[in-house]
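Subject: Structure handover

Hi,

Here is the structure for your files. My notes on it follow below.

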Amino acid sequence: MKQWLKKALPWIKATIWFLVILGVGYQFWKILHAEALLSGDKNRSPESILWEQFTSIPLKNLVISSILYILGIGLSACYWHILLRLQGKKLSLANSARCYYLSQLGKYVPGKGLALFLRVSTAMESAVPASTAAISAVYEVMVTMASGSLLALILGFYVSMGSEQLIGILFLLAVSLTPVLPFIFPKVVTKLARRFLNQSESPSKIANWSSLFTGLIMTGAGWFFLGCSLFVLWHGVNSTSLKGLPRSILECTSMVTIANVGGFVASTPGGLGVREFLLKLFLEPHLGTKVVATVLSVRLLWTLSEVVTACILFWLRPKTGIRESLNSAANIPKDHPSAT
């Protein structure tokens, strides 16, 4: 490994984490200073209105909702773990989860690149080549978005969505599903990243109908967990506005999928603004004046859940080091002079 890269790596990682901390901090600042909160009470600050709404939700609802959210996005982490193993990288499930949850904090920094960089760099600490981690991460994200769009489309007919909403969902499905089809993804990756791929790294190992179907099922279940998380929060805010357990959970699942996929396509940091707008649109008929504070409470709780989980897993250090990973990525034997 080149000496300059070895010396610069700690500084690069420190800069990245500084940007992540700034991004997460900005996320909380935007939540606490949302001007929309003032629409209900001109005499109080947005922070006090949100805090009162957040603390009015029973603690058990907050805890259960948080756990459901972490489990929901954790199914996407499990799917990424499977994709790595299909490429011959036997990363432990604990390390896969560490890479995934740490990378989630990168989505709060403008652009999508930092989240991918964090997942790739943490995977390299466990001797996973950068190209392998990147290809599987991109595939996982697109499949997760595709399953969300597909689930939203199916549930849209059940909850009687309007034709305009269904057309929008079809657009999101086309944007997310088309790139991961088995006859498209390998060709695109090979063309764009041929110079970075080893002979043993073929995108077709993960981009096949079997892995796509598995991903749609697993990440689809993850979206259902997120819908349950929203349902629990909704129940804590105003249980009388619910329409019965099965229908309300399915409605919440459709709301979450549309809002999150819409936020992803819009490419705002963490989907901030877009996700809240869509959730507000869906929940306002049920919650009235409480809707803004409720939607921002969802954002606050889910962001806190990600931060806490990432902080816990940050200390779970892999047994292998980044040096072995970079040597492997470059196909350099450990005893080769250039590897020292």
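Predicted model: local features only at pLDDT ≥ 70, side-chain atom pairs only at ≥ 80, totals over all residues.

**Helix 4 against helix 5**

Helix 4 and helix 5 make a right-handed crossing. The axes of helix 4 (residues 93–104) and helix 5 come within 8 Å, and the crossing angle is roughly 155°. Helix 4 is therefore roughly antiparallel to helix 5, because angles over 145 degrees count as such.

From helix 4, the contact uses Arg98, Cys99, Tyr100, Leu102 and Ser103. Helix 5 brings Ala115, Leu118, Arg119, Thr122 and Ala123. By class, the contact of helix 4 with helix 5 has six nonpolar, two polar and two charged residues.

**Leu114**

Stay with helix 5 for a moment. It spans residues 113–124, and Leu114 sits in it. Is Leu114 buried or exposed? Leu114 is buried: its relative accessible area is 11%, and the cut-off for buried is under 20%.

Which residues does Leu114 touch, leaving aside neighbours within four places in sequence? They are Ile16, Leu19, Val20, Gly106 and Val109. Leu114 and Leu19 are 95 residues apart along the chain, yet their C-alpha atoms are separated by 9.1 Å.

**The chain as a whole**

The chain has 13 helices and zero strands. Read along the sequence, the pattern is α-α-α-α-α-α-α-α-α-α-α-α-α. There are 340 residues in the chain, and 51% of them count as buried. Now take the contacts between residues at least 6 apart in sequence: 73% of these join residues at least 24 apart.

**Helix 11 against helix 12**

Next, the other helix pair I looked at. Helix 11 covers residues 274–287 and helix 12 covers residues 291–314. Their axes come within 8 Å and cross at roughly 135°. The two helices are therefore oblique to each other. Helix 11 passes helix 12 in a right-handed crossing.

The residues in contact are these:

- Helix 11: Arg275, Glu276, Leu279, Lys280, Leu283, Glu284 and Leu287.
- Helix 12: Val291, Val292, Thr294, Val295, Leu296, Arg299 and Trp302.

By class, this contact of helix 11 with helix 12 divides into eight nonpolar, one polar and five charged residues.

**Nonpolar cores**

In soluble globular proteins, nonpolar side chains tend to be buried together. Here, the largest nonpolar core has 52 residues. Which of its residues touch the most other members? Leu230 and Leu283 do.

Leu230 touches Cys252, Met255, Val256, Leu279, Leu283, Val298 and Trp302, not counting residues up to four places away in sequence. Another core, of 15 residues, lies apart from the largest one. Its members include Val143, Leu181, Leu197 and Ala207.

**Asn61**

One last residue. Asn61 lies in helix 3, which runs over residues 59–86. Asn61 is buried, with a relative accessible area of 7%. What does Asn61 touch, not counting residues up to four places away in sequence? Asn61 touches Val232, His235 and Gly236.

Best wishes

Methods. Residues numbered from 1 in each chain as written. Heavy atoms only, no water. Axes fitted to C-alpha atoms, helices over the stretch in contact; angles between N-to-C directions. Helix = DSSP H or I, 4+ residues; strand = E, 2+ residues; numbered from the N terminus. Parallel < 35°, antiparallel > 145°, perpendicular 65-115°, else oblique. Left-handed = near helix turned anticlockwise from the far one by under 90°. Contact = heavy atoms within 4.5 Å. Nonpolar A, V, L, I, M, F, W, Y, C, P; charged D, E, K, R; others polar. Core = buried A, V, L, I, M, F, W, Y, C linked by side-chain atoms within 4.5 Å. Buried < 20%, exposed > 50% of the residue type's maximum accessible area, 1.4 Å probe, protein only.
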